[in-house]
Structure formats: C-alpha cells, structure tokens
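Let's take a walk through a protein structure together. Keep the sequence and the picture side by side as you read.

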Amino acid sequence: MAENKKIDEKDLVFINQQWTDEEKKSFSDFLRTRKKRKSTQKNDRNTTPNKTFTAGGLDRKVS
Amino acid sequence: MEQELREPLDFEVDKLTKSIENAISGEVFETEITRITGRQSRQIKKADWLLDWHLELKGKHREVFKLTTLENPAIAHGLISISDNHDHVFMNLIESAKFNKGEKKLYRGVAGNLVAFACRIAFEKGYEGVVAFVAKTQLIEHYRLTLGAKSFAGNRMFVDTRESLSLVKQYFKDFSYGRK
C-alpha cells in the first residue's frame, strides 16, 4: 500500500480541459510512429540473422 | 493474448473489485468501480463535490465511473470521467470525495484506484495502456513521480505502457497483458 499513499499525498486534480485538435493529432502521430517502429523492430528480431561462426562453432576445423 | 487485447473492443465495464485503505486503522476495504449514467445522476449530490459532475454526465463521449466499497455501494469515494480518444484513453476529471481529501482523509488509495482503472480500460480497448490528461502546472512533477507520467507538451501528460501496466498490476492483481 506504500504506493497508494504516495499517489494520495496530494489530491489528484486534472484540469477539465481537452487537448486541442492539433495536440491530439500530434499525439496520435507520435503513438502511430512508435507503434510502427516497435512493429519493425519486432520483425527485425524475427528475421534469421546471417550465420556467422566463430572458432568453436559449426565450421570449426577438426584436425 | 496480446493480439486479442489490441483489437478494439466494444464492451461495458460493470464491476471491478479492488480495495482502499482506512487512513487511520489501515483496514482494507474491497471496492468496486461502476459506471454512472445521466439517469443515475441523482446519486451524485452537487454539494458533495467540488467539480460539476452533473455537467460531466451530460457530456458527449464522456463516461463517468464511481468508486465505492462493496459494503456500501451507495457512498461514492471518488469519481472519474474518461473519454475514448480512439488510440488512447483521456482522463477528463478525477475527484476524491470530500472526506477523502486533505490531511484528514478517511481512506487512501482512491485516486490511485481510479487512475489504474483508466489505465486498465486503455489496455482492454487495445491502446497499450496509454492514458492522457492535462495536469495543473504545479502538479506535473507530482504526476511524474507518483504515476510515472510523461510530459508530451507542457502540461499535456500521458501515462505510457510500462508505467500504466505497473499501476494496473498494483491495483488489479488478476490483470494480465501480453504473453502469459
């Protein structure tokens, strides 16, 4: 409950004010871009990387 | 699971059970959050609240919810008004009942419960938990510290996915998001 107390130290009051249409659009653009970036990163992770083998790897020459 | 949550949902929240804490005894009371519609506006007595909730109930695209204890659903401990902004949830107003304000407040956790509720809705609607609001300038830092809110532009703030999830998990232990 420690966190509850922290939040309640001051009474939360939001201004009854909406974002302007421009701000809303800008925020939507920000969320969209971020979602796109996340999705791209996810796809990148799913792509099989070029195989590189180091010493001790699969192409290690056995003498 | 994640995919399911990202699909926009058309649903109505009826009850969500959580708890608030008596500020003196520390006793914990189970709570529920229920929607109030214009028809039920008599439940809110103007004299008990600082903000004009009757006006809020008349507002288009605004949904008002009350937090009550399971034991006494007639007494609202706090109210919140939210709007669905199609890619995030917007918190229009939030207010704790008079007896839950200031140093002599009777219960703690009211505001946290209500903000966490908004965050939960933002996950369930597929908005990755993003909740936006306008903060009083002098409270920007307070929201940053307590809610983990970020400034988007000046006093335009938002609770991002990670912080939102943390708030939801704190109040709604049964909540799961993403991979199980």
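**Starting from a hidden charge**

At 7% relative accessibility, E21(B) counts as buried. Keep in mind that this is a predicted model, and that buried here means under 20% relative accessible area. So what does E21(B) form a salt bridge with? The partner is R108(B), and the closest N and O atoms of the two are 3.8 Å apart.

Over all chains, the count comes to 13 salt bridges, so let's visit a couple of others, because a nitrogen of Lys or Arg within 4 Å of a carboxyl oxygen of Asp or Glu is what qualifies.

Hop over to chain A, which has 2 helices and 0 strands. Of its 63 residues, 16% count as buried. Chain A exposes about 5,300 Å², and carbon and sulfur atoms supply 50% of that area. Now find K25(A) and D29(A), whose side chains meet in a salt bridge at 3.0 Å, N to O. How are these two placed in their helix? They are 4 residues apart in helix α2 (residues 21-46) of chain A, so about one helical turn separates them. An α-helix has 3.6 residues a turn, so residues three or four places apart point the same way. K25(A) counts as exposed, with 53% relative accessibility, while D29(A) is partly exposed at 28%. The two also belong to a network of salt bridges that links K25(A), D29(A) and R32(A).

The side chains of D160(B) and R34(A) meet at 2.6 Å, N to O. The pair crosses between chains, from D160(B) in the loop between β9 and α5 (161-171) of chain B to R34(A) in helix α2 of chain A. Are these two buried or exposed? D160(B) counts as buried at 6% relative accessibility, and R34(A) counts as buried too, at 11%.

**Strands in chain B**

Back in chain B, look for strand β7 (residues 131-134). V131(B) and F133(B) point one way from this strand, A132(B) and V134(B) point the other way, and all of them are buried.

Which strands does β7(B) pair with? One of them is β5(B), in the parallel sense over 2 bridges, and V131(B) in β7(B) is the bridge partner of V89(B). Another is strand β9 (residues 156-159) of chain B, in the antiparallel sense over 4 bridges, where V131(B) stands opposite V159(B). β9(B) also pairs with strand β8 (residues 150-153) of chain B, again in the antiparallel sense, over 3 bridges. There, S151(B) has M157(B) as its bridge partner. The hairpin of β8(B) and β9(B) has 2 residues between the strands, and G154(B) in this hairpin takes a positive phi near 60°.

**A helix inside, a patch outside**

Now follow helix α3 (residues 110-124) of chain B. Its 15 residues reach 21 Å from the first C-alpha to the last, close to the 21 Å expected at 1.5 Å a residue. How many of its residues are buried? The count is 15 of the 15, so α3(B) is largely enclosed by the rest of the structure. Just after α3(B), G126(B) takes a positive phi of about 90°.

I24(B), I75(B), F99(B) and L106(B) make a nonpolar surface patch of about 370 Å². L106(B) belongs to the loop between β5 (89-96) and β6 (107-108) of chain B, and it counts as partly exposed at 37% relative accessibility.

Terms used:
Residues numbered from 1 in each chain as written. Chains lettered and ligands numbered in written order. Predicted model: local features only at pLDDT ≥ 70, side-chain atom pairs only at ≥ 80, totals over all residues. Heavy atoms only, no water. Patch = residues over 30% accessible without salt bridge, like charges linked within 9 Å, V, L, I, M, F, W, Y side chains within 5 Å. Areas by Shrake-Rupley, 256 points an atom, 1.4 Å probe, with all protein chains shown as cover. Buried < 20%, exposed > 50% of the residue type's maximum accessible area, 1.4 Å probe, protein only. Expected span 1.5 Å × (residues − 1). Pairing = 2+ DSSP bridges.
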